[in-house]
Structure formats: structure tokens, C-alpha cells
Amino acid sequence: MAQATDTLPHDDHHDQPDTGIKRWLFATNHKDIGTMYLVFSLIMFFVGGAMAMVIRAELFKPGLQLVDPMFFNQMTTLHALVMIFGAVMPAFVGLANWMIPLQIGAPDMALPRMNNFSFWILPFAFTLLLSTLLVPGGAPAGGWTLYPPLVLQGGDYFPMVIFAIHLMGISSIMGAINVIVTIMNMRAPGMDLLRMPLFCWSWLITAYLLIAVMPVLAGAVTMLLTDHFFKTSFFNAAGGGDPVMFEHIFWFFGHPEVYIMILPAFGIISEILPTFSRKPLFGAVSMVYATASIAFLSFIVWGHHMFVDGMPLAAQMFFMMSTMLIAVPTGVKVFNWTATMWRGSLSFEPPMLFAIAFLFMFSIGGFSGVMLALVPADFQYQNTYFVVAHFHYVLVPGAIFAIMAAVYYWLPKWTGHMYNLTLAKTHFWLSTIFVNVLFFPQHFLGLAGMPRRVPDYAVQFSDWNMVSSIGAFGFGLSQVLFAIVVIQCIRGGQKASSVVWGDALPTGLEWTLSSPPPYHSFITAPEIK
């Protein structure tokens, strides 16, 4: 299946395909576009990481030493926007571009020119966002949530940020449309929906979430724009508006957005664990229903971000119960992953190491999420470093570890070369140790009452902040190893075999189709040419 796409005629029917820079500018091949998404994501990962280093260097000890408070808040705001919209989401879209056509037997993505456009919007959007650092008044400093009236204090940066967010949203919506049309219209004969690999399923559900919530964010930031420039009063209390309404609209987008960043990770883990356990995925169909349930519930829990906003008791109870309900399908997934490994013939190559680390540390993020769902407890945790620790445990050892697992899993398939396994395992162990040194102490800081988004703090928080900052520098530097492994692999190395993880195959299934049980798969090893 993978080889079929390599010999496709070029999209615009020239005798010779484009080479050099034109190959990338005018790319319509899903593999080229997937590669561009992944390279862009890696660059943004290091840009966002550099901002995190500034934050942790300032917090290494109490007092103001490196940056002024305004620049510190600009760093926290841009770090979040860059990591969410520039690193995590484009990486998942890149993986979708590469793998969905291969996994469903399609020759390419359904809308290749739109695919090209959806990528090339992104470099312009992030150039615009990052150039806010250069304009008078500086970048946004009101947090990535852009709450009024904080964000409306801004000067020249304000329209630039709003336009950049619109561009990111357009890119995401076009990518999502492409995924849906490809999966619904271009599956190989005989592959009905429940025979699809779990990665395709997770992306199909994610794509619907993207299309549903991105326009909500666009509406919210457009209302901010008219409040700022046209003197409307959507969120201006002095003119009869309601600042809390912005929070409702924003988190109606924001909470499904969290699941947009984790559902494709669930799909990746559901591909890797069966391969290296040499067993089919336990309960594959129930995993599809669990993913769909999580996506549905994500729309009715946004109020748990707003428990301290003075909502009625009935609303607090509803949002608390519905939030805890998400633990049920999530628990089903964790149980099924564990059952897949149970009594399997496990081997611990880099993709499997990252997948198992995901399972442990994502669960830590899940448990602290249940704590935050409890109304009386949330009153204490709100706006402390406990919240920072919670969502970073979901997004770093969750989403980012899953992306790294996917790259280590599929890189030999993409490049035809095997990477340096020793270096990759070193990267895994350094990342796993330092990510816990970085984020676990932040639970203690939050429980002790340290507020988030502050450049200075009371001396009783200094020890754990120092530990956390040491973890941050260690984690940041260890990601250089990741870049080295990937670059070495792309440039050459030991030839990868046609079925890369050959020893790790459950009952001879082709390795990109390892997630459904054997009777679901119509491709078996002897048939692969």
C-alpha cells in the first residue's frame, strides 16, 4: 500500500515533477505536505520551548532578575499559543497527512490543493503572531485565554493576534475537512468504518470537533475586535456587556480544543501498544465508542473552568458531574491498553517506551483532572500551579510523548532508514526523568498556594521552583537529541526492512494496520508485495 502512492502521476500533469523549492511550495502529495507540517511543528516546538526556558529561568529563584513582569507575561501567553496552535496541532495534522491515506488504502488525500493551502497559511500566521514582540507595546500579555478587559489594554499587537488566530483556525478547518472527505470517500474496497485502524478513527472524530469549535473561537475574538475598534459592548461592562460571557464562549471552544490535542494521541497509542505486545488491540470497537463518547462529553463540560465565576449551584453540580463522567470512557481506554499488554510478548523499542510512559503519566494528569472537577476543591486549586501541573501532565507526557512515539514508530517507514536506537532510548529516558522533575513539584507548589502567571513569589516556594526549573532545562536540552536522531535518520543510515518492526507483528498483520483485531484486517503479511 505504501509503495502505490510513490508512483502517482503529478497532480498538475506535467511530464516532470517539480524539484527543489517548487516541490515544497506547490506540493500536493500527502507525504510532502505531512513532512512540511512535521518540520514546521518541530521548529515551533523549539520556539515555544525557548519561551518556556525564559519563564523557568526567571522563576529559578524569588525576586525579579532576568525580565520585567510585562515581558514575563508575554512569554507565558505566546508560549501557550505557539505550543498549542504551532507545535501540537500541526504535528497531528502532519501525522494524519502521512498515515491516513496509507492506512485506508487511498492514493492521496481527497483535496490535495486545499491541503497545500492549509499548510502554507501557518508560517504566515506564526510570523504575524511572533512579530508582535517587535511592535510598540509588545506582544499580548493577558494569557492565551485572551480574557477581556486584560487583552483589550493592548496597543498595536491586538489586531495582529486576532488575525493570526483567524488564520490558524482557517488552516485547522481546512485540514479537518480534508480528513473527513478522505476517510468517508476514499477507503479501499472492503474497509468499512469499523475495520479502520484506530488512528484513522481518532482523527475522524477530532476533525468533527475542529469544525464544530474553531468558528466559536473565531466569533469570540471577532467580538473582542469590534469591542476594541468599533466601541461595541459585547464584553464591556460599562456599556452593558458581560466579561463572563467571553469566558463561556471561549471555554465552549477551549475544552473541546483540549480533546483535539489528545484524541489523535489516543489513536497513536492504540497503534503502537498492540504491535510491541504482539497481540491485537483489546476491545477495538469499544475504543471507537469510548473516543466518540469523550468527544461528545467535551462539549458539555466547559463550565468547570469557571467554578469561581459565581455560577448557580445547579450549574456547578451539572458541570462537576459531567466532567467526572468523562473519566468513564477514558478509563475504558486505559483499561483496554493495559489489557492489550497483559500477557503479551512485550519488547521495549523507543515507540513502545514512549507509549508506556504516556499511559502512566497521562493517567497522573487524568487523576489531577478529577480533583479539579470537584467544585469545593477547585475553589482552592483555581489559578495555582496545581492547574499548571495538571494540564502539562496531559499535554507534555500526553500529546507530545505520543507525537514522539509516532515519529519513532513510523520514521523508518517514511525514510527507508533505521534510526539510532541507542540515541532514541537515551532521549526517552532523559525526557521521562526530566519531565517529572519539571512538572511534579508544581503540584506541591499549587497545593501550597503559589499562584500561576507570576514572575516573583514568596520565599517559601523557592525550593520546589528551583527543582522545577532544573527539570525544565534538562527536558529542553534533551529534545536536541530528538532533532539529532530524526535528522540522522533522514540523511541516511541502516536500511529499514519492508516490514519495519518485523518481529513485533501480531499474527503477521501488516504493521500500519495493527490496531483492529485480526478478523478485521484484510491485509496479511504474505499478500504484501
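## Two helices packed together

Helix H9 (residues 284-297) and helix H11 (residues 327-341) pack with their axes 8 Å apart and at an angle of about 150 degrees, where an axis is a line fitted to C-alpha atoms, for helices over the stretch in contact, and angles run from 0 to 180 degrees between N-to-C directions. That angle makes H9 roughly antiparallel to H11, since angles over 145 degrees count as roughly antiparallel, those under 35 as roughly parallel, those from 65 to 115 as roughly perpendicular and the rest as oblique. The helices named here are DSSP runs (H or I, at least four residues; strands are E, at least two), numbered from the N terminus.

The crossing of H9 and H11 is left-handed, a term used if the near helix is turned anticlockwise from the far one by less than a right angle, with right-handed used if the turn is clockwise. Among the residues that meet are Ser 286, Met 287 and Ala 290 in H9, and Pro 329, Thr 330 and Lys 333 in H11; contact means heavy atoms within 4.5 Å.

## How the model should be read

This is a predicted model, in which local features need pLDDT of at least 70 and side-chain atom pairs count only at pLDDT 80 or more, while totals for chains, interfaces and linings use all residues. Residues are numbered from 1 along each chain as its sequence is written, and side-chain values use heavy atoms, with hydrogens and water left out.

The pLDDT, which is the predictor's confidence in each residue on a scale from 0 to 100, averages 91 over the protein, and 91% of the residues score at least 70. Over residues 1-15, however, the pLDDT is below 50, and this stretch has 23 contacts in the model beyond near neighbours in sequence. Residues 504-529 also stay under 50, with 75 contacts beyond four places in sequence. Where pLDDT is low, the predicted coordinates should not be read in detail.

## The nonpolar cores

A nonpolar core is a set of buried Ala, Val, Leu, Ile, Met, Phe, Trp, Tyr and Cys residues joined through side-chain atoms within 4.5 Å; buried means under 20% relative accessible area, exposed over 50% and partly exposed in between (1.4 Å probe, protein chains only). The largest such core has 163 residues, of which Phe 85, Phe 126 and Trp 203 touch the most other members. Helix H3 (residues 69-104) gives the most to this core, with 22 residues. Apart from it lies another core, of 5 residues, including Tyr 381 and Phe 386.

## Two buried residues

Ile 205 lies in helix H6 (residues 198-229) and counts as buried, at 11% relative accessibility. Leaving aside residues up to four places away in sequence, Ile 205 touches Leu 263, Val 288, Thr 291, Ala 292 and Ala 295.

Ser 368, placed in helix H12 (residues 350-373), counts as buried at 4% relative accessibility. With residues up to four places away in sequence again left out, Ser 368 touches Phe 386, His 390 and His 443.

## Backbone details in the loops

A cis peptide bond, with omega about 0 degrees, joins Pro 148 and Pro 149, and Pro 149 lies in the loop between helix H4 (112-130) and helix H5 (157-185).

Arg 278 has a positive phi of about 55 degrees although it is not a glycine; this residue is in the loop between helix H8 (263-277) and H9, and is partly exposed, with a relative accessible area of 24%. Arg 343, also not a glycine, has a positive phi of about 60 degrees, lies in the loop between H11 and H12, and is exposed at 76% relative accessible area.
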